[in-house]
Amino acid sequence: MTTAVTTDDLAGRVVVVTGASRGVGRGIVRHLARRGVKLAVSARSRDGLDDVAAELTGLGAPHVAHTVDAADRDATFALVGAAVDTFGTLDGVVANAQTSPDPVGIEHITEADLDLTMAAGAKGTLWLMQAAFPHLHARGQGRVVTLGSNAALEGVATYGAYSAAKEAIRALTRTAATEWGRYGITVNCVCPVSVRHHTPGLEDPDALARFERSFSRQPIPHDGDLEHDIAPVVAFLLSDASAFVTGQTLMADGGRIMLR
Amino acid sequence: MTVVVLTPGDTGFARDLRAALLDLDVDPVLAEPRTTDRRELRDAFARAKGGAVVHVCGDAAATVPAPLGETGPEEWDRRGERPLREALATFQAAHDHFAAAGGGRLVLVTSTAGISGAASVVPFVAAAEGVRAMAKSAARQWGERSITVNAVLVPLALLAPGAAGVTSFLTPPALGAPATLHDVAAAVRWFTGADSTGITGATVVADGGAVMAP
Amino acid sequence: MTGDRILAGRGVLVTGGAAGVGRGIALACGVAGAHVVVASRGDNGRAVVDDITGRGGDATWVRCDVTVRDDVTHAVAQAVERAGGLHAVVHNATSNQSSVPHRLEEVTHELWDDHASVSLRGAYHCAQAALPALRVTQGTMIVMTSPAGVEGSATLPLYATVKGALRGFAKGLAREWAPSGITVNVVSPLAFSPAMVNAIAEDPAMEERLNRRVPLGRVGDPETDVGAAVAFLLSPDAGYVTGQTIGIDGGHFMNL
C-alpha cells in the first residue's frame with residue numbers, strides 16, 4: 001500500500017512563479033527554494049528580478065530568472081520554455097503576477113485601469129496556464145496555482161478594476177480545473193491576506209498601530225506572515241498531498257472571509 | 001391576496017413582521033401557540049387557508065450568547081437542535097397543507113449569521129445553516145408539487161436584539177443602514193407572490209448589503 | 001514544517017475512524033507521524049490501529065459512540081494520555097442511515113434524531129470535550145460536509161440538513177475559538193466509503209457515471225487522496241486557514 005504522505009515531495013520539483021520580486025510572490029519563491037524546489041521566476045523590473053535572483057543564489061536554489069511583463073504571451077511562453085530547457089521538466093506554475101491601478105470608485109475607472117489589471121492578472125494567468133499545459137499534459141500530471149483576492153470576494157470599495165481581474169482568474173481556475181482534470185492537472189486558487197509589504201509608512205508607530213488594529217475583526221487577528229501563513233498553503237497546492245483537490249479557492253486569510 | 005401564516009407566532013419579530021406585511025397588502029396570520037406537532041400546524045394552516053407559510057428560525061432563546069464550552073446539553077438542544085425540529089415539523093405540515101391545496105409557498109426567514117458565522121451563538125449558527133440546507137432539499141423534492149421553498153436572511157439584530165453584538169465584526173451595510181422590517185417584509189412578500197413562482201431553493205439576503213454571499 | 005512527518009508528535013482523534021473516509025484520514029495521519037486515536041462504536045476500529053502500528057506508526061483504539069458525551073470525554077482523555085496531547089479532532093462520524101434515500105415529508109422524528117445525534121450532537125460533544133486540550137496545543141478541529149450541505153439534496157434531505165448545519169457550526173466555532181489559537185475547518189470529500197461501495201455493487205454503472213462527472217476522473221481513495229490533504233489541514237502549515245470549507249473531491253463540486 002502506498003504511503004499517503006511521502007518525504008517532502010516538493011524537493012527537486014520544477015515550478016514557475018511569476019511576479020516573484022516582491023510581496024506574496026517573493027514569499028512563495030523563498031519558501032519553495034528552502035524546500036528544494038527548482039524555480040523559474042519572473043518580474044517586470046530588472047532590479048527586482050536581480051534582487052530575488054541574488055537571494056535564490058544565496059539560498060543555493062537552482063533557478064532561472066526572466067524579466068517578463070505578465071501580459072506578454074510570448075515572454076511567458078519563453079519563461080516556461082526556459083524552465084523546461086534548464087531543468088528538463090515542469091511540475092507546476094504559480095500565476096502570481098498582478099498589477100493594480102490606484103484605487104478609485106467604479107465611476108472613475110478608466111479603460112486603461114481595467115486593461116492594466118486584466119492584462120497582467122487575467123491574461124497573465126491564462127498565458128501561464130497555456131504555456132504550462134503541453135508539458136503537464138505530456139506528463140499526465142501537474143499543478144496550477146492562481147491568486148485571487150478577498151477584496152474581490154467582498155466587493156471592497158475602490159478596487160473594482162483589480163477585483164474584476166481577480167474574479168476572472170477564479171473563473172479561469174474553475175474552468176481549467178474542469179477541463180484539465182482528465183490529464184491529471186489540478187488547478188486551484190489561493191486568496192491570501194498579507195498586505196504589510198505594500199502598506200507604506202509603517203515605521204510610524206501610529207500608522208503601525210492602525211494597521212494592526214485593522215485586523216482586529218478577523219478571527220486570527222493579524223496580517224498573514226508570508227513564510228508561515230501564506231506560502232505553505234501555496235506549497236500544499238503544488239504537492240502530492242493535494243492531488244485530489246482541484247477547482248477550489250483556498251482562503252489563507254485568517255478566517256477573514258467564510259463565504260465558502 | 002395571499003394569506004401568509006407566520007410561525008412560530010409568539011415572538012416580537014413575528015408580530016413586527018406581521019405588522020409590516022399588513023402594510024404591504026398581505027393578509028398575515030400568526031400561528032400560535034408554538035408547537036412541533038405536525039398535525040396541529042397543518043390544521044392551523046388549513047384553517048387560515050394559508051397560501052404561504054413563513055417560518056422564522058431564530059429567536060431570543062436560541063441566541064443567548066454563551067461560549068460553547070459553557071453550553072450545557074439542555075441549552076445546546078434549545079438553541080441548536082430544537083430550532084431544527086421546529087423547522088422540520090413546520091416544513092412537513094406546510095407540505096401536507098400545500099399538497100392538499102395543489103401547491104403553496106414556503107419561506108424560511110433566518111439570520112445571515114449562518115453564512116458569516118458568529119462567536120457565542122454557535123448552536124444557533126449551526127441551526128441557521130442546517131435549516132437553509134433543509135429548505136433547499138425541500139425545494140428539490142417538492143417542486144413537482146408546485147411548492148416553492150426559499151429563504152430570506154436578515155441581520156441577527158432583527159431576530160434577536162439581545163444578541164446583536166455577536167455580529168459586530170461584519171462590514172457595515174453598503175446602503176448605510178441595516179435592513180428594516182419593511183425591507184424584510186418586502187422580500188418575504190415577493191417570495192409569496194406571483195412574480196416568483198419560478199424561483200425555488202433561492203436565498204435572498206435582506207440586510208442592507210453587509211453580507212454579500214453567493 | 002516539511003517532509004513526510006508533518007504531524008510528528010501530534011495527537012489526532014478521528015471519530016468514525018473504522019471505515020471509509022475516517023479510516024483513510026486515520027491512516028494518513030499515522031503515516032504523517034501523528035499518534036492517532038481511532039474512535040469507533042464497534043471493534044472494527046482496532047483493525048485500523050493495527051494497520052497504523054503495522055507500518056511503524058502510533059495509534060490507539062477507543063470505543064466511542066459520539067452520541068454519548070462520556071464516550072467522547074473518554075476518547076479525548078485517551079488522546080491526551082497516549083499521545084501526550086490532543087492537537088486535532090476530526091469529527092467524521094455520521095449516521096448509518098446517511099445514504100438511505102428519504103422524503104422530507106415522510107421522515108420520522110426518530111430518523112431526524114438519528115442524523116442529528118451523530119452529526120450535530122456528536123460535533124458538540126467533540127468540541128466541548130476537546131476544547132481544554134486544544135487550548136493547550138493551539139490545535140484544530142475538522143468536521144465533514146458534502147455538496148448536499150451546500151446546495152441541498154433531492155434524495156437525502158436530513159443528511160443535507162446536518163451537513164449544512166456542520167458548516168455553520170464550524171464557522172461559528174472558528175470565530176469563537178480563534179482567540180484561543182484554535183482553527184476550525186470543514187472538508188467536503190468524495191471518496192469510497194462502505195455506503196458508496198455498496199451502492200456501486202448494486203449499480204455498477206454508477207461508478208462510471210461518477211467518474212465521468214469528476215474532473216479528475218475518479219472517486220477518491222480515502223487515504224491517499226482525502227487523508228493526505230486532511231493531514232496538511234491538520235498541520236501547523238495550515239494555521240492561517242480557518243472557518244473554511246474545502247473540497248477534496250477531484251473537482252466534483254466547485255460551486256463555491
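**Figure 1. Crossing of helix 3 of chain B and helix 4 of chain C.** In this predicted model, helix 3 of chain B passes helix 4 of chain C in a right-handed crossing.

**Figure 2. Residues at the contact of helix 3 of chain B with helix 4 of chain C.** From helix 3 of chain B come Trp76(B), Gly80(B), Glu81(B), Leu84(B), Arg85(B) and Leu88(B). They meet His109(C), Trp112(C), Ala116(C), Leu120(C) and Tyr124(C) of helix 4 of chain C. Seven nonpolar, two polar and two charged residues form this contact.

**Figure 3. Contact between chain A and chain C.** Here 37 residues of chain A are in contact with 41 residues of chain C. On the side of chain A that touches chain C, at least two residues each are supplied by helix 6 (160-180), helix 8 (226-238) and strand 7 (249-252). By class, the residues on this side of chain A are 16 nonpolar, 14 polar and seven charged.

**Figure 4. Fold of chain C.** Nine helices and seven strands are found in chain C. Its radius of gyration is 17 Å, close to the 18 Å that the globule rule gives for 256 residues, so chain C is as compact as a globular protein of that length. The C-alpha trace of chain C spans about 45 × 35 × 35 Å along its principal axes. Of the 256 residues in chain C, 65% are buried. Among contacts in chain C with a separation of 6 or more, 71% are between residues 24 or more positions apart.

Technical notes. Residues numbered from 1 in each chain as written. Chains lettered and ligands numbered in written order. Predicted model: local features only at pLDDT ≥ 70, side-chain atom pairs only at ≥ 80, totals over all residues. Left-handed = near helix turned anticlockwise from the far one by under 90°. Helix = DSSP H or I, 4+ residues; strand = E, 2+ residues; numbered from the N terminus. Contact = placed C-beta atoms within 7 Å. Nonpolar A, V, L, I, M, F, W, Y, C, P; charged D, E, K, R; others polar. Rg over C-alpha atoms; globule rule 2.2 N^0.38 Å. Buried ≥ 20, exposed ≤ 12 C-beta atoms within 10 Å, placed from the backbone.
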